[in-house]
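Thank you all for coming; I would like to walk you through one model this morning, slowly and with the cut-offs stated as we go.

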Amino acid sequence: MSEILTKSRARNVFYGGSLVFAAIFVLMTIDSHRYIVASTETEKTPLTEQVVLGKHVWERNSCINCHTLHGEGAYFAPEVGNVMTRWGVLDDPEAAYQTLDGWMAAQPSGIEGRRQMPHFEITPEEMRGLAEFLRWADQMNTQSWPPNDAG
Amino acid sequence: MKYESQKVALGYFVAAMALFGIQVLGGLLAGWIYVSPNTLSEILPFNVIRMIHTNALIVWLLLGFFGGAYFLVPEEAEREIWSVKLAWLQLGILIVGTLGAVASYLVGIHGGREFLEQPLWVKAGILVAALIFLFNITMTALAGRKTAITNVLLTGLWLLCLLWLFAFVNPDNLGLDKMYWWYIVHLWVEGTWELVMAAILAFLMLKLTGVDREVIEKWLYVIVATALFSGILGTGHHFFWIGTPGYWQWVGSIFSTFEVAPFFLMMSFAFVMVWKGRRNHPNKAALLWSLGSSTVAFFGAGVWGFLHTLHGVNYFTHGTQITAAHGHLAFYGAYVALNLAMFTYAMPMLRGRAPYNQVLNMVSFWLMTGGMAFMTFVLTFAGTIQVHMQRVVGDYYMDVQDQLGLFYMMRFGAGMAVVLGAVLFIYSQLVVRREVVARGKAMAGEVA
């Protein structure tokens, strides 16, 4: 063992092998990049200015540090990657906006012993963007995750 | 300590320990909100507390790595640090950036990509600090003796800093955003950080056990080879459900299964070196942390990681308390404990004390490790119930959470033990100057 695997051979295997795996990874990333763009920015689900605005609203309020979005984030509040499906408003932008706006306006609930969602200052235009962003995200091809509407 | 400029590590370690304190207190508060959800809900919401908890962790671990490098590289390169002033400047920038980030989180200014919430100027500051560091440490290494330990350490740190550039890339398309986000998050903790960890562990083994350098360095290359061979394509285990192609399910499952290998090797390495080594180093606490780190990393990152990494399993466990359980034990074992091992080894020298048995420090090891283990177990139980009720039966999220109260209470208790341990550790490093327990006869006279 020690004669076959010398230190310099081990070093060469490390550097050479890592480069090979990194190259494969980069190639797969390029393919995945194309796949994501082609499958999400479609005629039915365009990446509109509203969706982009909604993403910024989502980020500015750091929603990810309570909620999960496609399973990533904090585990303190419900999954929102499929919230529009759960609310039954996935195909109805106006109902999506109304439902989201109503929900947000009711927070914080103040109920004792229940997790509290803060109050956020969001304009009606931004709220529409957020609703569109969540509808758009809900329609991404997530390989049929989550297993059910509970998220 | 052989070189005067190694002293700069003390500044990094003290700053790191201060942030460590903030991190665990933030964690304790977040854990309490799970038990009593109305706590501070109007003044300091959960999302802000969590940002502080995770960001403080990441920054203090990085400070520990930087400080560790400034301590280790001079000894390996056999020369002083290229510029001590630059090292202090770098530390200053990082401290200002950290305080700035915390202050802006508290007033509600932050981004919303998880772990990358820092305002742009802080991100830029981190980049400048990283560039200063790379320049300074590379100049030091290039001018001196080149060893496998510095090679691997610098490879890890260079790649780590380069990957930070992805912090500035935020595509409008959520799918792309998520994919490139993992270029930092995964390729840090399951790639480049493992290189840093293995290099520091190798350095500690070299010093603590006295095993021949040739043996240690060959192990080191084998360990880091398995880390990157598995870890790079292992990124695929994050690409199962975020809009990426289906082939990642197989690539991610297979390669991330092999991610257990480097952690198993690091654990084996540490124990084999201790058995082989003839040196009876008096700093028993550093040895305890080194062995403890590699062992807990194997369980936290290796075993608990594998537990939910196969895509058929992850379909049900993704984004539940199972993930939280794994995250906590993996970070503690691999990176927290390893940094504390380095602090424990270096602090007696940096503060001009003879190495000693550090009884309080060892007590803190068991308190923290016991607490983290218990926390991991209860979160795993909570996660198992959550997976069944929510993902299999289809009960709503909050209804399920209401059933998990007992586990969250126990998690808070475990968190108390961790905080107590952390405070004891910091106290033992910064305040205690004398032996708490007198050294036995067998140990007397042996100083390495």
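Predicted model: local features only at pLDDT ≥ 70, side-chain atom pairs only at ≥ 80, totals over all residues.

Where in chain A does A:P146 lie? A:P146 lies in the segment after helix 5 of chain A, where helices (H or I, at least four residues) and strands (E, at least two) are DSSP runs numbered from the N terminus. The peptide bond that joins A:W145 and A:P146 is cis, with omega about 0 degrees. A cis bond is also found from A:Q107 to A:P108, with omega near -5 degrees, and A:P108 sits in the loop between helix 4 (93-105) and helix 5 of chain A.

Residues are numbered from 1 along each chain as its sequence is written, chains are lettered from A and ligands numbered from 1 in the order in which they are written, and side-chain values use heavy atoms, with hydrogens and water left out.

Let me stay with chain A and turn to its annotations. UniProt, in an unreviewed entry, lists a "transmembrane region" over residues 12-30 of chain A; positions are given in the numbering used here, feature names are shortened, and annotations may be inferred rather than shown by experiment. In the model, residues 12-30 of chain A are 100% helix and 0% strand, with the end C-alpha atoms 27 Å apart. The unreviewed entry also gives "domain: Cytochrome c" for residues 49-138 of chain A, and over that range the chain is 50% helix and 4% strand, with end C-alpha atoms 17 Å apart. A:L27 is placed in helix 1 of chain A, and it counts as exposed because its relative accessibility is 59%, the classes being buried under 20% relative accessible area, exposed over 50% and partly exposed in between (1.4 Å probe, protein chains only).

Next, the interface. Chain A contributes 72 residues and chain B 81 residues to the contact, contact meaning heavy atoms within 4.5 Å. Together the two chains bury about 6,500 Å², 63% of it on carbon and sulfur atoms, where buried area is the accessible area (1.4 Å probe) that two parts lose on being put together, summed over both. On the chain A side, A:K7, A:F25 and A:Y75 lose the most area to chain B, together 12% of what that side buries.

Between chain A and chain B there are 41 residue pairs in polar contact, both residues at pLDDT 80 or more; a polar contact is a pair of N or O atoms within 3.5 Å, where within protein one must be able to donate a hydrogen and the other to accept it, and residues adjacent in sequence count only if both atoms are side-chain atoms. Helix 1 of chain A gives the most to the side that touches chain B, with 22 residues.

Which salt bridges deserve a look on your screens? Five are counted between chain A and chain B, a salt bridge being a side-chain nitrogen of Lys or Arg within 4 Å of a carboxyl oxygen of Asp or Glu. One pairs B:D402 with A:R114 (4.0 Å, N to O). Over all chains the count comes to 15 salt bridges. B:D402 lies in helix 14 (residues 397-402) of chain B and A:R114 in the loop between helix 4 and helix 5 of chain A, so the pair joins two chains.

Within chain B, B:E217 and B:R213 meet in a salt bridge at 2.9 Å, N to O, and both lie in helix 7 (residues 213-234), four residues apart, about one turn of the helix. B:E217 counts as buried, at 1% relative accessibility. Salt bridges that share partners join A:K7, B:E76, B:R213, B:E214 and B:E217 into one network.

Finally, B:H53, in helix 2 (residues 46-77) of chain B, counts as buried at 18% relative accessibility. The side chain of B:H53 reaches the backbone oxygen of B:Q23 at 2.9 Å, and a polar atom of that side chain lies 3.3 Å from the backbone nitrogen of B:G27.
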